[in-house]
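Hello,

Here is the structure I promised to pass on to you. Have a look at it first, and then read on for what turned up.

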Amino acid sequence: LAGTFTTFAQDEEEEIKEGGFKKENLFIGGSISLSFGNRSTLVGANPMIGYKIADWIDAGIVFNYQFTNFRYLNNDKLRQNIYGGGIFTRLFPVNFLFGQIQAEHNLMSLKYIYSGGQTSDKANTSANSLLVGGGIAQGRMSGFNDPFVYFCILFDVSGNEVSPYTDLDGNGRIIYRAGANFPLFRR
């Protein structure tokens, strides 16, 4: 009887060790962003730190820097520098396909440049965005913590007209991102 209780106790300890935080599930990575819309261009970088919760779900924190340039029909220009951050979750129904949702808050520095040479106007603002989409991953394997690359397409579904992901008409733009994830600690 004593041997049975000892066996059960060891099994419970192993289950506890298997659950919980595992440093080998931490990863860093990031992506670059490119978007071309109606008289607009967006270029950005999005470094991230994340955690592989299970073989089918990753989550983490993302940081943003973006430069956006809009050109109006009268050749006036609007330039934005955007700094922000947020959280993301990726769901992998299979190793090479994923869906992603990402909530962000961005601070924007705007500069309006008149084509006639008048003094430029400057302003600061902020906006929330909710990016939803999906992508493909190359090199991601269940049960392993190996580096992998990915490509995804996202769309801002927040409806926020001052979101950095809208064009001059207030319509959402498609965001294309390519990036990589690298494990911090390997098994």
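A word on terms before the surface: residues join a patch here if they have over 30% relative accessible area and no salt bridge, and nonpolar side chains are joined within 5 Å. Please keep in mind that this is a predicted model.

With that in hand, one nonpolar patch on the surface is made up of V94, F96, L97, I101, V132, I136, F151, I153, F155, V157, I174 and Y176, which together have about 990 Å² of accessible area. Two or more of its residues come from each of β5 (97-113), β6 (121-138), β7 (148-156) and β8 (174-183). β7 is the top contributor, with three residues. V157 sits in the loop between β7 and β8, and its relative accessible area of 46% makes V157 partly exposed.

What about the inside? The largest nonpolar core has 15 residues, and M48, F98, A137 and Y150 have the most contacts inside it. At least two residues each come from β2 (40-54), β4 (77-94), β6 and β7. Here too β7 gives the most, with four residues.

Now for the rings: the whole structure holds nine aromatic pairs. One is F92 with F98, a tilted pair with centres 5.4 Å apart and planes at 50 degrees; both residues are buried. Another is F151 with Y176, which is stacked, at 6.5 Å centre to centre and 15 degrees between the planes. F151 belongs to strand β7 and Y176 to strand β8, so this pair ties together parts 25 residues apart in sequence. Ring pairs also link F92, F98, F148 and Y150 into a cluster.

Best wishes

Key. Residues are numbered from 1 along each chain as its sequence is written. This is a predicted model: local features need pLDDT of at least 70, side-chain atom pairs count only at pLDDT 80 or more; totals for chains, interfaces and linings use all residues. Side-chain values use heavy atoms; hydrogens and water are left out. Patches are made of residues with over 30% relative accessible area and no salt bridge: like charges are joined within 9 Å, nonpolar side chains (Val, Leu, Ile, Met, Phe, Trp, Tyr) within 5 Å. Accessible areas come from the Shrake-Rupley method with a 1.4 Å probe; for residues, only the protein chains shown count as cover. A salt bridge is a side-chain nitrogen of Lys or Arg within 4 Å of a carboxyl oxygen of Asp or Glu. Buried means under 20% relative accessible area, exposed over 50%, partly exposed in between (1.4 Å probe, protein chains only). A nonpolar core is a set of buried Ala, Val, Leu, Ile, Met, Phe, Trp, Tyr and Cys residues joined through side-chain atoms within 4.5 Å. Rings of Phe, Tyr and Trp (its six-membered ring) pair if their centres lie within 6.5 Å; planes under 30 degrees apart count as stacked, over 60 as edge-to-face and the rest as tilted.
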